[in-house]
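Colleague: I would like to learn how to read a model of this kind feature by feature. Could you take me through it, with the general idea ahead of each case?

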Amino acid sequence: MTDPIWDEFLQFNPNPNPSSWYKYHCRSCDHTDWIEDIVVDAFPPVEPEGFPAIVCPECGGSFRCDTSEPVKRSRQHPDHAR
Ligand SMILES: [Zn+2]
């Protein structure tokens, strides 16, 4: 799995240390966000999908991983990356 843009990026950034970002979707208020792997790994994967349930930052509801969205590799929040 190679990405020419990413490969070029690596040449100029020898230690990019990208994170994996998982798409999360609130079951109560439809809030969505990307959750970094360091956060996901900090919680026990109690959901059937194998991901932890996180409290929605908007409404306190059930914030669940949307497994239909592919995981993103990025150094910063995908919504803020160019
Ligand atoms: Zn919510």
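Colleague: Why does Trp34 count as buried?

Modeller: Burial is read from a neighbour count: a residue is buried if 20 or more other C-beta atoms lie within 10 Å of its own, exposed if 12 or fewer, and partly exposed in between, with the C-beta atoms placed from the backbone. Trp34 has 20 C-beta neighbours inside 10 Å, and therefore counts as buried. Please keep in mind that this is a predicted model, in which local features need pLDDT of at least 70 and side-chain atom pairs count only at pLDDT 80 or more, whereas totals for chains, interfaces and linings use all residues. Residues are numbered from 1 along each chain as its sequence is written.

Colleague: Which residues does Trp34 touch, leaving aside those up to four places away in sequence?

Modeller: A contact here means that the C-beta atoms of two residues, placed from the backbone, lie within 7 Å. On that reading Trp34 touches Trp21, Tyr22, Lys23, Lys72, His77, Pro78 and Asp79. His77 is 43 residues from Trp34 along the chain, and the C-alpha atoms of the two are separated by 6.9 Å. For the chain, residues 24 or more positions apart account for 53% of the contacts with a separation of 6 or more.

Colleague: How many helices and strands are there in the chain, and in what order do the elements run?

Modeller: The elements are DSSP runs, helices being H or I over at least four residues and strands being E over at least two, numbered from the N terminus. The chain has 2 helices and 5 strands, and from the N terminus on its elements run α-β-β-α-β-β-β. Trp34 is found in strand 2, which covers residues 32-36.

Colleague: Which strands pair with strand 1, and in what sense do they run?

Modeller: Two strands are taken to pair if DSSP finds at least two bridges between them. Strand 1 and strand 2 run antiparallel and are joined by 5 bridges, while strand 1 and strand 4 pair in the antiparallel sense over 3 bridges. Strand 5, residues 72-74, is also antiparallel to strand 1, with 3 bridges joining them. Individual residues show the arrangement: His25 stands opposite Thr32 in strand 2 and opposite Arg64 in strand 4, and the bridge partner of Trp21 in strand 5 is Lys72.

Colleague: What is there to read in the hairpin of strand 1 and strand 2?

Modeller: A backbone angle can be read together with the place of its residue. This hairpin has 5 residues between the strands, and within it Asp30 takes a positive phi near 70°, a positive value in a residue other than glycine. Asp30 counts as exposed because it has 11 C-beta neighbours inside 10 Å.

Colleague: Which residues make up the largest nonpolar core?

Modeller: A nonpolar core is a set of buried Ala, Val, Leu, Ile, Met, Phe, Trp, Tyr and Cys residues joined through C-beta atoms within 7 Å. The largest one has 10 residues, namely Trp21, Tyr22, Tyr24, Cys26, Trp34, Ile35, Ile54, Cys56, Phe63 and Cys65. Strand 1 (19-26), strand 2 and strand 4 (62-65) are the elements that give two or more residues to this core, and strand 1 gives the most, with 4 residues. Phe63, one of the core residues, touches Tyr24, Cys26, Ala53, Ile54, Val55 and Cys56, not counting residues up to four places away in sequence. Over the chain, buried residues make up 15% of the 82 residues.
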